[in-house]
Amino acid sequence: MRCAVVVVDGCFGSAVASLVDILRTADAFRTEIDPGIEPISFSTLSTASTATTSAGWSIPIDAGLDEIGLHDTVVVAALGALSSDQVVAALASPQVTQVVEVLSAPYLGTVAGACTGTFPLAEAGLLDGRKATTSWWLGAEFRSRYRSVELQMDRMVVADGSFLTAGAAFAHVDLGLALVATVSPQLADLVARVLVIDERPDQGSYIAIEMLTRTDPLVQEFERHVRENLATELTVESAAAVLGTTPRTLQRRVAEVVGLSPVTFIQRVRMERARHLRKTTDLSVDRIAVEVGYRNASTLRALLRRAGLSFAD
């Protein structure tokens, strides 16, 4: 595998470093898995001879963007933005504009991106009509900007055809392993063991709902209402009436901002509160279940299992 990582000024240094470590480790151990596995190489591409990360570190660049076609895999490193406004500004920058232009040209290899690095892929139209994911806190911006992409926010890595996308910044680790797995699943497993990387199939457990709701006053009020009434019977209809809107409008706005239905949103908040109470109080599991709106602990435990969580996490 000949992998090119596209880097722009302001990118996350960890995005590049994690990919370097994973791919070089894979190359070092590939012959132990199968002597027939071809070498795994890594190159950085950009519009200049060096790129400066968001932390001010310099990354040496191996070649220009015109050499993308010499590689069979291209990864766009995360842009380093920490808000929707910063992402939009980065997409309008000359460097990222050039990246998008290059990505828009025909290419036969694998194209990948994680976190904010998924935005240039979508901007180039590569994800139209495809499944993808991105950083969980950028879901609303991604949906509003790229409506033809089927966003799967719970997933850590999504593969659709020759395109791979991954979640928030450190999901570059998961993306790197996924790329190695396209060469050899056994090699990817060995790399994960050597580098002590745990499998993280989803990013749902990392989502901080209160951070997502800040972008929409109605959804923020819905969150407040849910948190203040967790122990009661909460329905979409009753919440909509309290908030002075219709159930349909509430469903639409919550889905747009958080990527969840209102019912699932309520369940997430209840599970979050339950886990907090378990860690910070001496309440029994049965009592915690009642505190967050469930009649018994079995219902709460079942919801946690389905979400891939437990009280012990």
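Predicted model: local features only at pLDDT ≥ 70, side-chain atom pairs only at ≥ 80, totals over all residues.
Strand E2 spans residues 41-46. Five of its six residues are buried, so the strand is mostly covered under the cut-off of 20% relative accessible area. E2 has a partner in strand E1, residues 2-6. The two run parallel and are joined by five bridges. Within this pairing, Ala 4 stands opposite Ser 43 of E2. Between the two strands the chain passes through helix H1, residues 13-33.

Helix H10 covers residues 236-243. Four of its residues are named as buried: Val 236, Ala 239, Ala 240 and Leu 243. Viewed down the axis of H10, the buried residues fall within an arc of 100°, so they line one face of the helix. An α-helix has 3.6 residues a turn, so residues three or four places apart point the same way. Gly 244 follows the helix, and its phi is positive, near 70°.

The salt bridges come next. Side chains of opposite charge can pair when their charged atoms come close. The structure holds twelve salt bridges. One of them joins Asp 216 to Arg 253, with the closest N and O atoms 2.9 Å apart. Asp 216 lies in the loop between helix H8 (209-213) and helix H9 (217-228). Arg 253 lies in helix H11, residues 247-258. The pair therefore ties together parts that are 37 residues apart in sequence. Asp 216 has 10% relative accessibility and so counts as buried. Arg 253 has a relative accessible area of 23% and is partly exposed.

Other bridges lie within a helix. In H9, Arg 227 and Glu 223 are four residues apart, so about one helical turn separates them. Their side chains meet in a salt bridge with an N to O distance of 2.8 Å. Glu 223 is buried, at 7% relative accessibility. Arg 227 is partly exposed, at 31%.

A further pair sits in H11. Glu 256 and Arg 252 are four residues apart in this helix, which means that about one helical turn lies between them. They form a salt bridge whose closest N and O atoms are 3.6 Å apart. Glu 256 is partly exposed, with a relative accessible area of 34%. Arg 252 is also partly exposed, at 43% relative accessibility.

Salt bridges also form a network. Glu 221, Arg 224 and Glu 228 are linked in this way.

Technical notes:
Residues numbered from 1 in each chain as written. Heavy atoms only, no water. Salt bridge = Lys/Arg side-chain N within 4 Å of Asp/Glu carboxyl O. Buried < 20%, exposed > 50% of the residue type's maximum accessible area, 1.4 Å probe, protein only. Pairing = 2+ DSSP bridges. Right-handed = clockwise from strand over helix to strand, strands pointing away. Arc of directions from axis to C-beta.
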